[in-house]
Amino acid sequence: MKTSTHRIAIPSILEVGKGNINNVGNLIKKAMFKNVLICFGEGLEELFGDSIRNSLKEANIVISRIETISDISFEKISIKAFEISNDVEALIGVGGGKAIDAVKYMSFLRKLPFVSIPTSTSNDGFSSAGASLLVNGRRMSLPAKTPYGIIVDIDVIKSAPDKFIYSGIGDLVSNITALYDWKFEEESGKVIIDDFATMISKKAVNSFIRTEFNNIKDDLFLKELVDSLILNGISMEIAGNSSPASGSEHLISHALDKFLEVPQLHGIQVGIATYIMAKVQNHRFERISKILKETNFFEHVKTLEMKKKDYKKAIDMAPSIKPNRYTYIHVDENRIHAKKIIDEDEILNYVLI
């Protein structure tokens with residue numbers, strides 16, 4: 001039998017701490033980049049542009065161009081990629097999901113390293129290899145590349161609206177149901193799971209949910225959240241797919257994205273779907289409920305007026321999102337059970353309308 005070891009891409013620069021936004025130049029200087037292109041999310045150049053520009057100037061790094069990313073359609077981003085000057089040695093993405101995804105895909109097309117500087121923790125996209133872009137007006141995951149560098153400033157993350165932190169929490173706790181789904185797929189003879197990717201994903205979520213905190217803006221809590229989301233990206237890189245951090249709960253969220261006129265943040269949708277699927281799986285739902293209660297995730301969701309009927313529709317659609325997978329949601333009786341939980345569960349009756 002032929003055996004082989006993994007060869008995986010991991011970030012060469014990994015800096016998570018306070019005040020990093022003012023030190024970007026020094027942090028990427030060791031990579032010997034001389035000429036970079038920066039892409040900001042909308043409204044972020046005004047907030048962080050001066051700090052980053054000054055920092056790069058002090059490190060003698062030339063800024064070839066500064067862009068603001070507003071349109072993340074596949075076509076627009078592909079065109080932008082090939083407008084990048086040939087003397088650019090690296091791309092820097094500063095922002096939430098949109099800017100990071102755009103830069104990630106451009107760097108993939110142009111075979112250039114990129115540095116991910118997230119300004120919020122709404123999901124693990126800032127550390128993963130996939131890029132979520134608009135194809136024919138709908139979000140779709142496309143292959144991209146793992147960041148060469150990840151620089152996170154805890155103070156910047158703290159200053160972002162609470163909804164982005166709640167979204168990150170929802171995205172991270174989903175590892176629990178995703179890993180159970182993956183194990184179920186293996187037991188059903190559909191896949192062979194990667195034990196090392198499983199271990200990284202499990203460690204990421206368990207480390208986070210055991211962190212003591214007074215509120216979600218605590219430095220240690222945010223650092224644990226960021227560190228664990230970074231580990232998610234690495235677990236998916238090891239597996240070569242999203243299974244260690246994405247199962248039936250993500251399929252429900254992707255289904256919501258397909259028909260809702262204005263979907264909620266990815267991790268918010270995923271967090272509720274995780275709670276539902278943990279009850280279907282009868283697996284660690286007390287632990288998931290505890291962290292979502294203690295962080296006030298459920299209280300935040302209640303303000304959003306998300307609808308029971310939308311989740312039921314998404315549950316029925318979920319298997320068609322990835323028909324090649326075989327998670328708990330792909331089984332008919334589990335979908336019936338999930339919809340029954342939506343109707344009868346006390347917490348869901350409180351937070352959904």
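A helix in these legends is a DSSP run of H or I with at least four residues, and helices are numbered from the N terminus. The views show a predicted model.

**View 1. Helix α4 and the residue that follows it.** Just after α4, Lys 111 adopts a positive phi of about 55°.

View 2. Strand β5 spans residues 114-118, and five of its five residues are buried, so the strand is largely enclosed by the rest of the structure. In a regular strand the side chains alternate between the two faces of the sheet. Strand β4, residues 90-95, pairs with β5 in the parallel sense through five bridges, and Leu 91 has Phe 114 of β5 as its bridge partner.

**View 3. Phe 48 in helix α2.** Phe 48 belongs to helix α2, which runs over residues 44-58, and with a relative accessibility of 12% Phe 48 counts as buried. When residues up to four places away in sequence are not counted, Phe 48 touches Ile 21, Phe 40, Thr 119 and Val 156. Phe 48 is also part of a second, separate core of 23 residues, which includes Ile 52, Leu 56 and Ile 151 as well. From Phe 48 to Gln 281 the separation is 233 residues in sequence and 44 Å in space, taken from C-alpha to C-alpha.

**View 4. The largest nonpolar core.** This core has 66 residues, and those with the most contacts inside it are Ile 169, Ile 252, Ile 272, Leu 292, Tyr 311 and Leu 348. Its largest share, nine residues, is supplied by α6. Leu 348, leaving aside neighbours within four places in sequence, is in contact with Ile 272, Tyr 275, Ile 276, Lys 308, Ile 341 and Ile 342.

**View 5. Phe 184 and Tyr 326 among the aromatic pairs.** The model contains eleven aromatic pairs. In one of them, the ring centres of Phe 184 and Tyr 326 are 5.4 Å apart and the planes meet at 15°, so the pair is stacked, planes under 30 degrees apart being counted in this way. Phe 184 lies in helix α6 (residues 162-187), while Tyr 326 lies in the loop between α13 (308-321) and α14 (332-344), so this pair ties together parts that are 142 residues apart in sequence. Phe 184 is buried, with a relative accessible area of 17%, whereas Tyr 326, at 27% relative accessibility, counts as partly exposed. Tyr 326 also has the charged end of Lys 190 over its ring, at 5.1 Å from the centre.

**View 6. An aromatic cluster and a lysine over a ring.** Four residues, Tyr 166, Tyr 275, Phe 297 and Phe 298, form one aromatic cluster. Elsewhere among the aromatic side chains, Lys 302 lies over the face of Tyr 350, 4.5 Å from the ring centre.

Definitions and conventions: Residues numbered from 1 in each chain as written. Predicted model: local features only at pLDDT ≥ 70, side-chain atom pairs only at ≥ 80, totals over all residues. Heavy atoms only, no water. Phe/Tyr/Trp six-rings, centres within 6.5 Å; stacked < 30°, edge-to-face > 60°. Helix = DSSP H or I, 4+ residues; strand = E, 2+ residues; numbered from the N terminus. Buried < 20%, exposed > 50% of the residue type's maximum accessible area, 1.4 Å probe, protein only. Lys NZ or Arg CZ within 6 Å of the ring centre and 35° of its normal. Core = buried A, V, L, I, M, F, W, Y, C linked by side-chain atoms within 4.5 Å. Contact = heavy atoms within 4.5 Å. Pairing = 2+ DSSP bridges.
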